[in-house]
Amino acid sequence: MPRLSGRRALQLIGALAIVAAIVAFYHRALHVNNTTVALTLLLAILGISSWWGLAEAAVASVAAVLGFNYYFLPPIGTFEIQDPQNWVALAAFLATAVTVSQLSARAKGRTLEAEVRRRETEGLYSLSQTLLLSGSARTASQDLVSRVVKILGVNTAAFYTKSTNETFRWGPENQLVADAQLQAGRDEPLIDAQKGFAIVPVRLGGQAIGNLGLAGPLPSAAVLNAVAYLVAIGVERARAMEEAGQAEAARRSEVLKSALLDALAHDFRTPLTSIKAAVTSLLGGERSPADRELMTIINEEADRLNRLVAEVLEMVRVEAGKLHLEKHPSDVTELIRATLAEFRPAILDRPLEVRLQQGLPETEVDSDFIQQVLKQLLDNAVKYSPPHSPLTISARSGEGRVIVSVADRGSGIPEAEQMRVFDKFFRGREHRFRVPGSGMGLAIAKGIVEAHGGRIWVTSEPGQGSVFSFSLPVYRGEMVS
């Protein structure tokens, strides 16, 4: 402030000196009529107003009136005015000088304001370019704080992003833009021009993204809001591009994985078929007990590999959307009975309860595929529950769906794993090395159910068992193949 006051004092002295110089020049060196003196003083006042401002021009106007009166209006050498016409001339000169000063100062102010708006617009454009060229959300967040400091002319900028709970800073530390201020949830900007700091919420579509803090000479509130909006767009764009890139990479990885599995499965099937045929032929002949035991092991392991290859091929078809469903109206009760008749040898030692709602509506499904889902759920229940423990199969209808459930009395599934049991190759930590399997059965079942327009899920409580359920659409009289 002392520096600003000293500059203003020098400008005031300069304005008085200009008026004094003009008065002295016309009084001593060049004698002209009073109109010429008045116009020269008016031009000088206009220049002072344009160069320095209204205050300097107002002081110069008063000084010009006093000098004009003292040196050029009779009686000369005094401030007394005898002729009424001189009073009118002096008043007109003062009014003209003040009006000209105001108009000039107003024009200068508008010019300065236009220049400020131009710089702000250029800054916003430069900031938008920076954000649009950022490669990731983290890079965009780091870039914006450095660019905001350079473009807006503030001393410190900080951006708190809510998604990662990180704060990015640029410039010297400022207690007014502390972490507590930035992390506080707010709906309206906090702007204190006197202290020179602002905290502006960064939102997009009603969703809070974070807060932007600035310290130093602040731009207008409109610019602050525009900067916050640009930051929101830039960060969300970078995050969306990052997620799209990750999704594309994941998709390409899945395509490659499926192609590899498909190729391997087909390459495995031919030698397995030969091994199976050879060992079956050898088992039919006369062999020693030791040889027969080894051949039996080979035969069983060949069967196991065949099942694994079949699951891989089924998984590839599910992921490629190449399940060729032959849908037709089917009675869920009959599907369950047919599945149990085929699966009965595996559950002879278990109590089995079947609960079927009376009058179940028909469903529009491929019977073979739905029986495959039921077998998978029954096989899962047998594997992951103690021997001789009971199983329950139930079916009911509601809201245009038929819901089929298979319940066991096993150890249950931890809550953290329930969302992943239908993922390909996932196996629970507790049973990973104790229960044989590939981790593809439930993923295949999910793909089959979803291909029918249904949904599959699990409810489980550790120590109480699990219930796997799936829903199927009710047949409505229109065949869909």
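Reader: What makes S1 and S2 a hairpin?

Author: S1 and S2 have 4 residues between them, and strand S1 (residues 156-161) pairs with strand S2 (residues 166-170) in the antiparallel sense over 5 bridges. Two strands count as paired if DSSP finds at least two bridges between them, so 5 bridges pass that test. Ala 158, for instance, stands opposite Arg 169 in S2. In the turn, Asn 165 has a positive phi of about 60°.

By the way, this is a predicted model, in which local features need pLDDT of at least 70 and side-chain atom pairs count only at pLDDT 80 or more, while totals for chains, interfaces and linings use all residues. Residues are numbered from 1 along each chain as its sequence is written, and side-chain values use heavy atoms, with hydrogens and water left out.

Reader: Why are S2 and S3 called edge strands?

Author: Look at the open sheet with the order S2-S1-S5-S4-S3, where the pairing is antiparallel. S2 and strand S3 (190-192) each have a single partner strand, so one side of each is left without a neighbour in the sheet. The twist in this sheet averages 20° from one strand to the next; angles run from 0 to 180 degrees between N-to-C directions, with axes fitted to C-alpha atoms, for helices over the stretch in contact. The partner of S3 is strand S4 (residues 197-204), through 3 bridges, and Asp 192 has Phe 197 in S4 as its bridge partner.

Reader: Which strands make up the sheet with mixed pairing?

Author: That one runs S7-S9-S10-S12-S11. Within it, strand S10 (residues 401-407) and strand S12 (residues 465-473) run antiparallel, joined by 7 bridges, with Ser 405 opposite Ser 469. Helix H10 (residues 367-383) lies across S9, S10, S11 and S12, at about 175° to S12.

Reader: What makes Lys 375 and Glu 342 a salt bridge?

Author: The rule asks for a side-chain nitrogen of Lys or Arg within 4 Å of a carboxyl oxygen of Asp or Glu. Lys 375 and Glu 342 meet at 2.6 Å, N to O, so they qualify. Lys 375 lies in helix H10 and Glu 342 in helix H9, so the pair ties together parts that are 33 residues apart in sequence. Arg 337 and Glu 334 also pass, at 3.5 Å; these two are 3 residues apart in helix H9 (residues 332-343), about one helical turn. The structure holds 5 salt bridges.

Reader: Why is Glu 334 called partly exposed?

Author: Buried means under 20% relative accessible area, exposed means over 50%, and partly exposed is in between (1.4 Å probe, protein chains only). Glu 334 has 43%, so it falls in between. Lys 375, at 25%, is also partly exposed.

Reader: And what makes Phe 25, Leu 30 and Val 32 a nonpolar patch?

Author: Patch residues need over 30% relative accessible area and no salt bridge; nonpolar side chains (Val, Leu, Ile, Met, Phe, Trp, Tyr) are joined within 5 Å, like charges within 9 Å. Phe 25 has 42% relative accessibility, so it clears the area cut-off. Together, Phe 25, Leu 30 and Val 32 have about 230 Å² of accessible area, found by the Shrake-Rupley method with a 1.4 Å probe, where for residues only the protein chains shown count as cover.

Note on methods
Contact means heavy atoms within 4.5 Å.
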